[in-house]
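Me: I have a structure here that is new to me. Could you take me through it?

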Amino acid sequence: MQIWVWGIATASAETPDEALDELLSAARVQVPAACDNPEADRLIRILCSGRIRVGVRGHYPFFSTRNADQTDRVGYDTDVARAIARRLWVAPEWVHVRAATRISTLAEDGADVVIATMGHNTRRDGQARFIRPHYYRSETIVVGPGEADISTWEDISGQRICTTIGNYANSNLVSQGLRLTLFRDAGRLPKALDEQICRLVAHDDSFLASYLADPALGSRFEPKFGFDPVPWGMAVAQTGSDDLARVLQLISQIMHRDGELLELARENGIFNQFLKDQNELWQSPICATTAALADPACVLPALDATPPPTAFADQVKLIQHRMEALFGAAPALPMLSSQPAFDLFIAGIVNSIVLVIGALLATLVIALLVGLLAALPNRLTRFLTWTVVSTIQSSPVILTLVVAGAVANAIFTYSPSVALGSAIVALGLMNGCNAGQAIGEAANSLRQDGQHGRGFSLPLYREAIGRSLTQILSFLINAAKGTPIASFTGAPELLSALTDITSFAAGRVTTYSLVLVFYIAVVFCVVWACDALRKRLDPQKQENRA
């Protein structure tokens, strides 16, 4: 085997120490002659500049935070970066990255290497070059109230859980029947728990450990179970970093073998069982040479985070390729390509139809009930009815939905059915009260005209309904148009389902365009049905128009 350093081959050494020495010696020979060569490997550029640009998280307790006097960075990731820099005889230069910018920073040459709590999964393999052996491993944990009896997926199926956009575990959460509330910043998750915005959160155990160590939060919430253990990898750019990647591989192998990574983990107070196991592994004879870097018995594979495809995924890809050839672009269709997304998509459509039909029925029933109470001659009954109607009319739509959801969850255990039911009741109240007010006002007008006496009668009530038919149908249409807003309170309708899909798949434009088309079609059908009903119930008006 040969190792290439900027066009010069060197003989492979058996031990990682010898191989590293040969690589660095061969690279240093090229300095400073190669420093002005734009085609030089990033390793040469690092040696020329005397610094290595390291992408690290801005605030990730125990891994990368600022020290007490704000003059430097501390944590496991930054300590690993310093150890690497010392071996290269250069200084580390910190580049602040977020979860969403780690890979793009590499691609845009904003950093030479990223050491930023980044899980190595198969979906990221095509975006960056990960260094193996991995320098750490974590798993996603579900955190909930200490008193909650939760230990398996079945205990939380159908419930809402808070996580972050782009989390590799989102597809697993969705496939287990959970509904997602998404945050851009992981730092919001502990606050959401503390403020009771979220009952459950899911994120890396490495991140949540520091917050749960705080008695203010740890006394009330605890890890329930973990899943999807994922190795963490340093990463370099896909191109122009072959030699740098090889050097980092050898350094990582040596640091595992010598227990240096394990010692850094202990100094920073983080979980270290994985590093203990790796220390023993890389000290074993089978993993003692450079050949071990390509041996599956020594290096871990990337986590397979690719959702299972649908039975017709190949046909979807074929259609996309044809569209790309014809039009130069093709829509992303994650809801048709992966099985978890497809299941969410179908469930979202079904739940949306149930929500629309339920909202229409609830609006009609509440309108007739409110209209009946408002049409009664008893002043106290009418006063109480108008008070309720005025209160609901004065309440913001979102607030009404939130209150309805909170009341439902206080009475029943959370489930998708409960979320849909509370949304149906809230939409029915908001639109039914307005339609019922129209019936009541029509009844009072008829009573004042003396056509039905001063009391209450069914003919009076029926005629009041007839006079208010246009308003009733208008609020039925309004109820159908308002159903997407139920997604903000956890109802698992189509908008909510597709938001969950975009949490682990690309194609936001296509996805939300489908939501728009679906609800336009739904409202069109409701408008058509209401118009047909109006013609049937009020044929006289249609004759007059003719």
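This is a predicted model: local features need pLDDT of at least 70, side-chain atom pairs count only at pLDDT 80 or more; totals for chains, interfaces and linings use all residues.

Me: Let us start with charges. How many salt bridges are there?

Reply: The count comes to 15 salt bridges. One of them joins Arg45 to Asp109, with the closest N and O atoms 2.8 Å apart.

Me: Where do Arg45 and Asp109 lie?

Reply: Arg45 is in helix H2 (residues 42-49), while Asp109 is in the loop between helix H4 (102-107) and strand S7 (113-114), so this pair ties together parts that are 64 residues apart in sequence.

Me: Which pair does Glu260 form?

Reply: Glu260 forms a salt bridge with Arg87, and their closest N and O atoms are 3.1 Å apart. Glu260 belongs to helix H10 (residues 260-268) and Arg87 to helix H3 (residues 76-88), so parts 173 residues apart in sequence are tied together by this pair. Arg87 is partly exposed, at a relative accessible area of 24%.

Me: What about Arg534 and Asp531?

Reply: Their side chains meet in a salt bridge at 3.4 Å, N to O. Both residues lie in helix H21 (residues 508-537), three residues apart, which is about one turn of the helix.

Me: New topic: helix H18. Which residues are buried there?

Reply: In H18 (residues 458-467), the residues Leu460, Tyr461 and Ala464 are buried. They cover an arc of only 95° around the axis, so they lie on the same side of H18.

Me: What does the face turned away from the buried side carry? And what covers the buried residues?

Reply: The face of H18 turned away from its buried side carries the exposed residues Leu458 and Arg462. The cover over the buried residues of H18 includes helix H14 (339-375) and helix H17 (416-448).

Me: On to rings. How many aromatic pairs are found?

Reply: A search of the whole structure finds 14 aromatic pairs. In one of them, the rings of Phe63 and Trp232 have centres 5.0 Å apart and planes at 50°, so the pair is tilted. This pair links distant parts of the chain: Phe63 sits in the loop between strand S3 (51-57) and strand S4 (65-66), and Trp232 in strand S13 (residues 221-232), 169 residues apart. Phe63 and Trp232 are both buried.

Me: How are the rings of Tyr136 and Trp232 placed?

Reply: Their centres are 5.0 Å apart and their planes stand at 65°, so the pair is edge-to-face. Tyr136 lies in strand S9 (residues 136-145) and Trp232 in strand S13, 96 residues apart. Tyr136 counts as buried at 2% relative accessibility, and Trp232 counts as buried at 0%.

Me: Which residues form the aromatic cluster?

Reply: One aromatic cluster is formed by Tyr60, Phe63, Tyr76, Tyr135, Tyr136, Phe207, Tyr211 and Trp232.

Me: And Trp528: buried or exposed?

Reply: Trp528 lies in helix H21 and counts as exposed, at 59% relative accessibility. Trp528 and Ile477 are 51 residues apart in sequence and 9.8 Å apart in space, C-alpha to C-alpha.

Me: Finally, which residues of the largest nonpolar core touch the most other members?

Reply: In this core of 121 residues, they are Tyr76, Val80, Leu88, Ile115 and Tyr135. Helix H9 (residues 242-257) contributes the largest share of the core, eight residues. A second, separate core has 19 residues, among them Val370, Leu420, Met430 and Ala479.

Definitions and conventions. Residues are numbered from 1 along each chain as its sequence is written. Side-chain values use heavy atoms; hydrogens and water are left out. A salt bridge is a side-chain nitrogen of Lys or Arg within 4 Å of a carboxyl oxygen of Asp or Glu. Helices (H or I, at least four residues) and strands (E, at least two) are DSSP runs, numbered from the N terminus. Buried means under 20% relative accessible area, exposed over 50%, partly exposed in between (1.4 Å probe, protein chains only). The arc is that of the directions from the helix axis to the C-beta atoms. Contact means heavy atoms within 4.5 Å. Rings of Phe, Tyr and Trp (its six-membered ring) pair if their centres lie within 6.5 Å; planes under 30 degrees apart count as stacked, over 60 as edge-to-face and the rest as tilted. A nonpolar core is a set of buried Ala, Val, Leu, Ile, Met, Phe, Trp, Tyr and Cys residues joined through side-chain atoms within 4.5 Å.
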